[in-house]
Amino acid sequence: MLQPGLKRRLTRVFVSAAAVAALGASSALAAPAVVAEPSATAIPGVDEIVHSPNLRSIANVPQQGPFTKDSTGTDIAFTKGHAIIGTYDGFNVYDVRNPYRPKIVSQVLCPGGQNDVSISGDLLFLSTDASRSDNSCNSVSKPASDKTSWEGIKIFDISNLAAPKYVAAIETDCGSHTNTLVPDKRGKDVYIYVSSYAPAANLPDCQPPHDKLSIIKVPVKDPAKASLVATPVLFPAEDGGGNPGGTNPDGTRRSATTGCHDLTALPEKDLMAGACMGDGVLLDISDRLKPRVINRVQDNVNFAFWHSATFNNDATKIVFTDELGGGGMATCLEKFGPTRGANGIYQITGRGDDRKLEFVSYYKIPRLQSETENCVAHNGSLIPVPGKDIMVQSWYQGGVSVWDFTDAKNPKEIAFWERGPLSNEKLVGGGTWSAYWYNGHIYSSDIVKGLDVLDLNDWRAFPAKLVRQNQFNAQTQYKLHPGFNNN
């Protein structure tokens, strides 16, 4: 999530993926930046790269084609050795089968931030959380106060990754900030859980209290018939509603719960973790259309905005992130300390409906950043190491952090990679939005710099180098088994 001003900065042109498919073949990798030796205290200069010895960059592909550095790179999903990265202006398809030489194979210009992506088979789901004149890729910005404005989910056929095709669109209340894929138990349909928030009385399609999710059913064999099938309420007023918001002890504001920002599913366990602004929730999704809140927690001392969630492999822990400042603040400063804008590690105790989330510890990157760098906990994923809980995570201009929380009471960073600030004069938004592990490497979507590919050479992560996945969505986790190969 970024500040609203950046969220609306979009262009209004459509370019088909087929028309630009040839672009990737000629795209050059960016020249490497200056690399400095890491220091515990020194802040790198503008665009200077610092990293731990065990984590290095092996490739970068800058924004190009119809996209520019102002297109704002967002989330990533993976399929068939390809990384698909959303931008506020559409999405890029990268061939990463050779991670040392990634290349763009197609681009779709389809404005409507954030354009977070998820993939199921040959279908791609694109989140639109910016009011548009209609549901096409030719739409223009339109006030959300206009009843005719559109926000929601767009569906693309990506059976030909060089030429994605628009299939359908489904409107949802308050749009779709993020989306989470959950397969049904018969394998015939897929459900898209839509996260959205921030209602207001003057928004006809986003009315308060908006304490619900939107669930879209997509018939796999006929995705054009996708439809909204349920809007379950998670924080009913009769149960006290969600967190009312307020002021934390240090004076920073705490978000009221008016929806969820992000949901992460563990379908095999029929579980889902929700990061819902002022609340963290554990959900039972055994009935896909009737998710039930098993347990709910709040942190009214250190958390400002519950942003995202990640299960460990055994579903005994959840890492919740706090996006203090909405991604637009410099919070990796001494004055915020190690518990603000950090991760909260929670243990799952008990069984069935008696399961509880119990707080264990916080984790924040140990390196201070400058006043001109937006830095806070953001998107990451588990690195698939049997018997270990190791995560790679984005911290905007704080860079990429690899950290071990196997000992939940004593989480520690084991690797890092970061660029220096975009500016020494003023705060300029940028840095890595998402950093995920896929088939042996780390892929980072940088808001300004494009795609970064990193190689982790650390004995603790070596088993993960052997894991191969056909498709990967960070918000749909699968339990790691021997010989694991998720398709």
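**Salt bridges and disulfides up close**

Guide: Let's start with D189, which is buried at a relative accessible area of 9%; here buried means under 20%, exposed over 50% and partly exposed in between, using a 1.4 Å probe on protein chains only. Bear in mind that this is a predicted model, where local features need pLDDT of at least 70 and side-chain atom pairs pLDDT 80 or more, while totals for chains, interfaces and linings use all residues. Residues are numbered from 1 along each chain as its sequence is written, and side-chain values use heavy atoms, leaving out hydrogens and water.

D189 pairs up with R186 in a salt bridge, with 3.0 Å between the closest N and O atoms; the term covers a Lys or Arg side-chain nitrogen within 4 Å of an Asp or Glu carboxyl oxygen. R186 itself is exposed, at 57%. The two belong to a salt-bridge network that also takes in D184 and K217.

By that rule, the count is 24 salt bridges. One of them joins K80 to D122, with closest N and O atoms 2.9 Å apart. K80 sits in the loop between β4 (73–79) and β5 (82–87) and D122 in the loop between β8 (114–120) and β9 (123–132), so this pair ties together parts 42 residues apart in sequence. Strands here are DSSP E runs of at least two residues, numbered from the N terminus. K80 is partly exposed at 38%, and D122 is partly exposed too, at 33%. For R460 and D458, the salt bridge has its closest N and O atoms at 2.8 Å, and both residues are buried.

Now for sulfur. A disulfide is a covalent bond between the sulfur atoms of two cysteines. With a cut-off of 2.5 Å between the sulfur atoms, searching the whole structure turns up four disulfides. Number the bonded cysteines in sequence order and they pair 1-2, 3-4, 5-6, 7-8.

C110 and C137 have their sulfurs 2.0 Å apart, and -80° about the S-S bond makes the link left-handed. C110 is in the loop between β7 (103–109) and β8, C137 in the loop between β9 and β10 (150–157), so the pair connects parts 27 residues apart in sequence. C110 is buried at 0%, and C137 is buried at 5%.

C260 and C276 bond at 2.1 Å, with a right-handed 75° about the S-S bond. C332 and C375 sit at 1.9 Å, and their link is left-handed at -70°.

Key
Helices (H or I, at least four residues) and strands (E, at least two) are DSSP runs, numbered from the N terminus.
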